[in-house]
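Please examine the sequence and the structure shown here. A briefing grouped by topic accompanies them.

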Amino acid sequence: MSVQSAVTQDRSPALQPARKGGVRINDVVKTYGAEDTGVLAVDHCTFEVQPGEITVVVGPSGCGKTTLLNAIAGFHSITSGSIYLDDEMLCGPGKLKAQPGPDRIVVFQNGALFPWKTNIENVTFGPMMQGAMTRAEAYDRARAMMADAGLRGIERNYPGETSSGVRRRVEIVRALMNNPKILLLDEPYRALDSLTKSVMHEALLEIFYKNRVSVFFITHDLEEAIFLGHRVVIMTTRPCRPKKILDIDIPHPRDYSVLTTKRFREFMEETVAAVHEEAIKAFAAGEKER
Amino acid sequence: MTETSPVSALRTDVPPAIAVQARPGISLTLTKHRLALWLRSPRPYLMLVGFAGFLGFWYLSVEVWKLPRFSQMSGPTEVLREWFSEDPTYGLSIFTPEYYMHIWVSIRRIAIAFFLATAIGVPLGLFLGWSERFKQFVFPVFEFLRPVPPLAWVPLAIVMFKGSETPVIFLTFLASFYATALNTMLGVESIDVSYVRAANCLGATRWQVFRHVIVPGAMPFIFTGLQISVGVAWFSLVAGEMVSGQYGLGYVINTSYTMVRYPTIIIGMATLGLVGYVTSAAVRLVGDYLMQWRTRELALGGGQ
């Protein structure tokens, strides 16, 4: 469908915001186990991901952010509420589990490039499986997109032969090959060292400016959140619910000089207390469980 | 030093040609490269020292010190002389066609049994790991039969199968089959759920996930299973050949015992060891060839 048109579509780096890829999370509740005795992971959660924007969800580890991502991706069901992608209901009353599909692609915390396929076989996997492109078309497009993302020359290597930073970029390109409406990134840079991480942030923004896809980004790193996000949603610790939603008005395109600006520090100051408070609560809760 | 040097050699000596430009289908380059590294490391010489120590102990205990319980045993000189004799005292050496007949018959049995065990064991293991429902039906029966050793199957095998050949092959098949099926199942279960989810996100159907994620993902475990499988095939083959059959290395060992041809027993055992080693190495080579991604990750010193 949209993948088909993507082949012919001009991939000019124009900054026109995408009209697609908005996600509405509507009063979502998720309980693990039985409704009355189970663990409440997500508690009446409502917020929106604007189309063509980066929305970053920040919260302590184990607060239920990933549960929310899994519900959007269609890996888990929700208990009640509904989630919409543009005007299409992904899950809601009568259909509690969404169907995973190439319009919402997840980039996983530990990376999920198939180690038994070469980088280019990974990148072409989506269109090939869907039958959306011929092999030649898929390979041409993959080569172009990889070159675009600074990944020339590693097409025929296996992911295990490249650095973890490169693997993350390949994985994002693999997602973009499908022209997704939204990318779901689950702490994708958690395992990287801080230097690689900063390079990856700029690379992600560059890819974002070129492709203008909506991004749902999960992290527990506040600096990362403010640097990348148009909007930052700070979550309470389990059960998770938005505690504070900020629109980050630092203009895009951004680069690393933003980190030292006054506005950036103001945002940090405004949010750091809130995040810290939740972290302490999460810590205390963890102590109690023991 | 001796422990670290092969590892560091692996890290630094990978030629850029392999690291960057290797393509599927040239795994021999890697095998050759590994062989060269191996020859440069101290390992082959340590291996020779190990064998020399083993043979030396045998020689001293039997031929020089003549230890009490070793008096009946043949020493290495006697065995070697018999093994390489053009006119062997007990009728079996590398110059008698019978020797090769025994090897050939054993290898043929192994090949048939191993092929059957792989052809049935791998698909069964894949489905056991892939479908929870299927596992619930089949696995309890599997676990019930698995502890029964091949030797315990001998009487039934002779009753169930005609002739002398099929019972032996059946016995050889059994242990191999369990090892292959079980390892394949564990292989499927070991696959990180993220890979399956990623494939689902990218629009793969259930069958495509099976073909592109489950099968290759389980491959390392499958080949571990096949290596165990070919090893245990030799175990049970010899057990089977001792009970029934007119040829084969197990048969050689057993009849030489009843006919008091002690050097021939050892010739049979040593040949078993050699041929068994070669079959395991062959399985590993095929595995390397089919899993280039893994071989290269390992050659680079562990990718992840």
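Predicted model: local features only at pLDDT ≥ 70, side-chain atom pairs only at ≥ 80, totals over all residues.

Residues are numbered from 1 along each chain as its sequence is written, and chains are lettered from A and ligands numbered from 1 in the order in which they are written.

**Helix α10 of chain B**
- Helices (H or I, at least four residues) and strands (E, at least two) are DSSP runs numbered from the N terminus.
- Seven of the nine residues of α10(B) (residues 193-201) are buried, so the helix is largely enclosed by the rest of the structure.
- A buried residue has 20 or more other C-beta atoms within 10 Å of its own, an exposed one 12 or fewer, and a partly exposed one a count in between, with C-beta atoms placed from the backbone.
- Among the buried residues are Tyr195(B), Arg197(B) and Cys201(B).

**Chain contact**
- Chain A and chain B each contribute 23 residues to the contact, where two residues are in contact if their C-beta atoms, placed from the backbone, lie within 7 Å.
- On the side of chain A that touches chain B, α4(A) gives the most, with four residues.

**Val286(B)**
- Val286(B) lies in helix α13 (residues 262-290) of chain B.
- Val286(B) is partly exposed, with 13 other C-beta atoms within 10 Å.
- Phe223(B) is 63 residues from Val286(B) in sequence, and their C-alpha atoms are 8.8 Å apart.
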